[in-house]
Amino acid sequence: MTISEALRLAARLTTVSYSPRLDAELLLAAVSRFDRTYFYTWPERELDSAVAERFLKLLKRREAGEPVAHITGLREFWSLNLAVDSSTLIPRPDTEVLVEVALEHLREDSARVLDLGTGTGAIALALATERPNAAVKGVDQSADAVALAKANAKRLGLERVHFSQGSWLDAAWLAQVTCQQPFDLLVSNPPYIDENDPHLCEGDVRFEPKAALVAPEQGLADIKAIIALALNILKPTGSLWLEHGWQQAADVQRLLLAAGFKRVETRKDYGGNPRVTGAYRS
């Protein structure tokens with residue numbers, strides 16, 4: 001089997017993927033010693049039989065719907081190569097908008113930053129990369145997610161980012177955080193999908209933890225809890241930025257204004273949908 005013949009098998013993925021060719025390239029790169037640019041330079045190169053066999057096995061898993069990130073164990077986010085597993089959400093490109101907005105409002109090098117529901121650590125690690133003097137922390141209710149975030153930090157040489165287990169719904173953890181020095185910036189990609197959303201039965205989300213996806217009250221319960229928490233742990237000059245569903249911007253704006261936040265703003269994702277909303281404490 002040649003490289004071009006292997007990649008033509010991407011046609012088998014059209015029913016499960018919006019990017020079958022890219023998926024096939026990533027899977028082939030995972031089992032070979034070649035990067036994706038090599039595939040275009042040497043398309044007629046014959047693959048080793050063992051490589052071809054491993055590729056076909058991975059292709060079959062993807063054809064069954066398993067996410068590429070779970071198959072390869074890796075996902076790139078903000079140019080960081082992150083380990084991924086089924087304990088967390090798979091980092092998505094649109095979440096980079098949250099990082100972009102946060103960086104715009106994170107001007108002090110010595111700022112204190114908290115990433116709520118950190119998962120793989122993607123947001124916290126991206127912010128730490130761009131603001132090396134900031135004190136960045138990440139928290140997640142899942143012990144497995146915290147372990148994964150710590151492993152990503154170590155592999156990337158970002159062990160100064162502190163990850164711990166906790167939840168904005170845990171009274172003991174809330175009491176502990178409230179007594180700490182206040183933060184300059186809070187960011188979160190919390191659960192925001194309604195439990196009856198039909199998209200939960202489609203695509204990659206079928207393989208991701210429901211606790212990281214679904215929230216009561218039409219997907220707004222956790223966002224409400226985070227806004228309430230932010231009132232107690234943000235500096236008066238601090239800001240909160242939240243990723244949310246594309247139809248939730250008006251609701252999130254309303255919740256922030258009702259809580260007394262100022263300068264409320266919404267940003268669109270790369271597809272032109274309202275995706276990130278935030279505001280200043282005062």
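Student: Why does Gln 218 count as exposed?

Tutor: Gln 218 has a relative accessibility of 60%. The cut-offs, for a 1.4 Å probe and protein chains only, are under 20% for buried, over 50% for exposed, and partly exposed in between. At 60%, Gln 218 therefore counts as exposed. The model is predicted, so local features need pLDDT of at least 70 and side-chain atom pairs pLDDT 80 or more, while totals for chains, interfaces and linings use all residues. Residues are numbered from 1 along each chain as its sequence is written, and side-chain values use heavy atoms, with hydrogens and water left out.

Student: Where is Gln 218 placed, and what is its phi?

Tutor: Gln 218 is in helix H10 (residues 216-219). Helices are DSSP runs of H or I with at least four residues, strands are runs of E with at least two, and both are numbered from the N terminus. The phi of Gln 218 is positive, about 55°, although the residue is not a glycine.

Student: Why is Leu 174 called partly exposed?

Tutor: The relative accessibility of Leu 174 is 22%, so the residue counts as partly exposed. Leu 174 is found in helix H9 (residues 171-178).

Student: Which residues does Leu 174 contact, leaving aside its neighbours within four places in sequence?

Tutor: Ser 167, Trp 168 and Leu 229. Contact here means heavy atoms within 4.5 Å. Leu 174 and Leu 229 are 55 residues apart along the chain, with their C-alpha atoms separated by 7.7 Å.

Student: What does the span test give for H2?

Tutor: H2 (residues 20-31) has 12 residues and reaches 17 Å from its first C-alpha to its last, close to the 16 Å expected. Asp 23 and Leu 27 are among the buried residues of H2. The buried residues of H2 pack against helices H1 (3-8), H3 (36-41), H4 (49-63) and H5 (68-72).

Student: Why does Ser 17 count as buried?

Tutor: At 11% relative accessibility, Ser 17 counts as buried. Ser 17 lies in the loop between H1 and H2.

Student: What makes the approach of Ser 17 and Asp 23 a polar contact?

Tutor: A polar contact is a pair of N or O atoms within 3.5 Å; within protein, one must be able to donate a hydrogen and the other to accept it, and residues adjacent in sequence count only if both atoms are side-chain atoms. The two side chains make such a contact at 2.6 Å.

Student: Why is the pair of Phe 34 and Tyr 38 called stacked?

Tutor: Rings of Phe, Tyr and Trp (its six-membered ring) pair if their centres lie within 6.5 Å; planes under 30 degrees apart count as stacked, over 60 as edge-to-face and the rest as tilted. The ring centres of Phe 34 and Tyr 38 are 4.2 Å apart with planes at 5°, so the pair is stacked. Tyr 38 and Trp 42 form a tilted pair, with 6.5 Å centre to centre and 40° between the planes. Tyr 38 is buried, with a relative accessible area of 19%.

Student: What makes Arg 263 sit over the ring of Tyr 280?

Tutor: The rule asks for NZ of Lys or CZ of Arg within 6 Å of the ring centre and within 35 degrees of the ring normal. The charged end of Arg 263 is 3.9 Å from the centre of the Tyr 280 ring. The charged end of Arg 281 sits over the ring of Phe 261, 5.8 Å from its centre.

Student: Which residues touch the most other members of the largest nonpolar core?

Tutor: Val 99, Leu 125, Leu 127, Val 161 and Phe 163, out of 32 residues. Such a core is a set of buried Ala, Val, Leu, Ile, Met, Phe, Trp, Tyr and Cys residues joined through side-chain atoms within 4.5 Å. Helix H7 gives the most to this core, with seven residues.

Technical notes: Expected span 1.5 Å × (residues − 1).
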